[in-house]
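Here is a friendly walk through one model, from its overall fold to a few residues worth a visit. Please keep the structure open as you read.

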Amino acid sequence: PVFTSTGEASTPQSIRLQPNPAREEASVFLEGETVDRVEVFALDGRLVSINSNSQSELIRIPTAQFTPGIYLVKMLGATGIYVGKLVKE
C-alpha cells in the first residue's frame, strides 16, 4: 500500500495554564478555539485525566485529585493541538 497525505501534521502550540502552580483547578482561555479533548499526563507518561466534552474556549482542569508534582497537558482543538506544563501544589 502507498500512503499519501493531503496536509501537513499540526505542530503543537504552547499554552499557559493559570494559576500555575495550581491547587484545586487550572484553566486556559483559547480565543476562537473549541477544544474537543483534554488529556493530562504525569511525567512518567501515565494518563491521569481525560475530558472529552469541553467544547468551549475556556478550559478548566480540576486538579484537586492530583498528587503534587509536574504534569503535561495536551488539548486537541478544532484547529490545532495545544500543550502546556502544569504544576500541582
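## Leu-17 and its surroundings

Once neighbours within four places in sequence are set aside, Leu-17 is in contact with Ser-27, Val-28, Ile-61, Val-73, Met-75, Gly-84, Lys-85 and Leu-86. Please bear in mind that this is a predicted model.

Several of these names come back in the largest nonpolar core, which has 18 residues. Leu-17, Ile-61, Val-73, Met-75 and Leu-86 are the members with the most contacts inside this core. Two or more residues come from each of strand 2 (25–29), strand 3, strand 5 (58–62), strand 6 (69–77) and strand 7 (81–88). Strand 3 is the element that gives the most, with 4 residues.

## The chain as a whole

How many helices and strands does the chain have? There are 0 helices and 7 strands, and the pattern along the sequence reads β-β-β-β-β-β-β.

Of the 89 residues in the chain, 29% are buried. The accessible surface comes to about 6,000 Å², and carbon and sulfur atoms account for 51% of this surface. Taking contacts between residues at least 6 apart in sequence, 57% join residues at least 24 apart.

An open sheet is formed by 5 strands in the order 1-7-6-3-4, with mixed pairing. Its edge strands are strand 1 (13–14) and strand 4 (47–51), each of which pairs on one side only.

At one end of that order, strand 3 and strand 4 pair in the antiparallel sense. This pairing runs over 4 bridges.

Is Glu-39 buried or exposed? Glu-39 counts as buried because its relative accessible area is 9%, under the 20% cut-off.

Across the strand pairing, Glu-39 stands opposite Ile-50 in strand 4. Ile-50 is also one of its contacts beyond four places in sequence, together with Leu-47, Ser-49, Leu-72, Val-73 and Lys-74. The side chain of Glu-39 also makes a polar contact with the side chain of Arg-37, at 2.7 Å.

Thr-63 is found in the loop between strand 5 and strand 6. With a relative accessible area of 0%, Thr-63 is buried because this value falls under 20%. If residues up to four places away in sequence are not counted, Thr-63 touches Ala-22, Arg-23, Glu-24, Glu-25, Ala-26, Leu-86 and Lys-88. Leu-86 in this list is also among the core residues with the most contacts.

Which residues form an aromatic pair? A search of the whole structure finds 1 such pair, made by Phe-66 and Tyr-71. Phe-66 and Tyr-71 are both buried.

## Two cis peptide bonds

Finally, have a look at the loop between strand 1 and strand 2, where both Pro-19 and Pro-21 are placed. The peptide bond from Gln-18 to Pro-19 is cis, with omega near -10 degrees. The bond from Asn-20 to Pro-21 is cis as well, and here omega is near 20 degrees.

Note on methods:
Residues are numbered from 1 along each chain as its sequence is written. This is a predicted model: local features need pLDDT of at least 70, side-chain atom pairs count only at pLDDT 80 or more; totals for chains, interfaces and linings use all residues. Side-chain values use heavy atoms; hydrogens and water are left out. Buried means under 20% relative accessible area, exposed over 50%, partly exposed in between (1.4 Å probe, protein chains only). Contact means heavy atoms within 4.5 Å. Accessible areas come from the Shrake-Rupley method with a 1.4 Å probe; for residues, only the protein chains shown count as cover. A polar contact is a pair of N or O atoms within 3.5 Å; within protein, one must be able to donate a hydrogen and the other to accept it, and residues adjacent in sequence count only if both atoms are side-chain atoms. Two strands pair if DSSP finds at least two bridges between them. A nonpolar core is a set of buried Ala, Val, Leu, Ile, Met, Phe, Trp, Tyr and Cys residues joined through side-chain atoms within 4.5 Å. Rings of Phe, Tyr and Trp (its six-membered ring) pair if their centres lie within 6.5 Å; planes under 30 degrees apart count as stacked, over 60 as edge-to-face and the rest as tilted.
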